[in-house]
Amino acid sequence: MQSHPNVRAVQDALDAADARNGSGAPSVVRLLPEAVHTAAAAAEALGVGVGQIANSLIFEADGEPLLVLTSGAHRVDTAGLAAGIGVTRLRRATPDFVRTHTGQVIGGVAPLGHPKPLRTLVDTALAGYDEIWAAGGVPQAVFPTTYRELLRITAGAPAEVA
């Protein structure tokens with residue numbers, strides 16, 4: 001699985017960005033024994049709090065892709081977020097839309113390693129953790145990082161999303 005093209009793309013993007021984990025060491029994609037399709041499952045597999053999981057959610061914002069990296073501890077307020085970023089229509093993307101814009105499948109969408117950069121918002125709730133975990137391109141791959149690193153490596157903007 002480590003040789004899966006999505007996992008390689010994510011690790012290559014992490015390396016190119018000189019991404020770091022909460023200890024300051026390089027971020028490395030880790031493969032879990034089984035797929036984790038929810039924040040709760042990822043948190044349990046990693047032995048961390050659900051709030052430390054950075055869910056990568058793709059939305060269709062007036063027809064364009066929007067990546068929202070949100071804490072696994074809450075849900076995105078789509079109406080409030082749409083108003084906050086000035087879009088008239090914000091909805092969860094279809095699996096085909098997600099794959100087209102990320103090259104990845106729902107449940108494994110990473111914050112980076114996409115065919116081209118996506119407009120990205122990073123949940124400010126993630127700032128409360130020394131280390132957070134994000135998907136690594138497939139449902140059983142994850143990597144450690146920090147809130148500041150997520151902002152930097154994704155060129156994301158901080159946002160209150162819940």
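UniProt positions are given here in the numbering used for this structure, feature names are shortened, and annotations may be inferred rather than shown by experiment. With that in mind, an unreviewed UniProt entry places the feature "domain: YbaK/aminoacyl-tRNA synthetase-associated" at residues 34-152. The end C-alpha atoms of residues 34-152 lie 29 Å apart, and the span is 25% helix and 29% strand. Helices (H or I, at least four residues) and strands (E, at least two) are DSSP runs, numbered from the N terminus.

The model is predicted: local features need pLDDT of at least 70, side-chain atom pairs count only at pLDDT 80 or more, and totals for chains, interfaces and linings use all residues. Residues are numbered from 1 along each chain as its sequence is written, and side-chain values use heavy atoms, with hydrogens and water left out. The predictor's confidence in each residue is given by pLDDT, from 0 to 100. The protein averages a pLDDT of 94, and 99% of the residues score at least 70. Confidence is lowest in helix α2 (residues 39-46), at a mean of 92, and highest in strand β5 (residues 119-123), at 97.

Two strands are taken to pair if DSSP finds at least two bridges between them. Strands β2 and β3 run antiparallel and are joined by eight bridges. They form a hairpin with two residues between them. D62, in the loop between β2 (53-61) and β3 (64-71), has a positive phi of about 50 degrees although it is not a glycine. D62 counts as partly exposed because its relative accessibility is 41%.

β3 also pairs with β5, through four bridges in a parallel arrangement. V68 of β3 takes part in both pairings: L57 stands opposite V68, and in β5 the bridge partner of V68 is L121. Seven of the eight residues of β3 are buried, so the strand is largely enclosed by the rest of the structure.

S56 is found in strand β2 and, at 14% relative accessibility, counts as buried. S56 and L67 are 11 residues apart in sequence, with their C-alpha atoms 6.5 Å apart in space. Contact here means heavy atoms within 4.5 Å. Leaving aside residues up to four places away in sequence, S56 touches L67, V68, L69, V109, A110 and P111.

In α2, A39, A42, A43 and L46 are buried. Seen down the axis of α2, these buried residues fall within an arc of 100 degrees, so they line one face of the helix; the arc is that of the directions from the helix axis to the C-beta atoms. The buried residues of α2 pack against β1, β2, β6 (132-135) and β7 (141-145). G47 follows α2 and has a positive phi, near 70 degrees.

In α4, the buried residues are F97, V98, H101 and T102. They cover an arc of only 105 degrees around the axis, which puts them on the same side of α4. P95, D96 and T100 are exposed on the other side of α4. Among the elements covering the buried residues of α4 are β2 and β3. G103 follows α4, with a positive phi near 75 degrees.

The nonpolar interior comes next. A nonpolar core is a set of buried Ala, Val, Leu, Ile, Met, Phe, Trp, Tyr and Cys residues joined through side-chain atoms within 4.5 Å. Of the 29 residues in the largest such core, L14, I58 and L150 touch the most other members. The elements that give two or more residues to this core are α1, β2, β3, α4 (95-102), β6, β7 and α5 (147-154). Not counting residues up to four places away in sequence, L150 touches A54, L69, P111, V122, L126, I132 and T145. A second, separate core of 13 residues includes L66, A82, L121 and V161.

Phi of D18 is positive, near 55 degrees, in a residue other than glycine. D18 counts as partly exposed because its relative accessibility is 42%.

Technical notes:
Buried means under 20% relative accessible area, exposed over 50%, partly exposed in between (1.4 Å probe, protein chains only).
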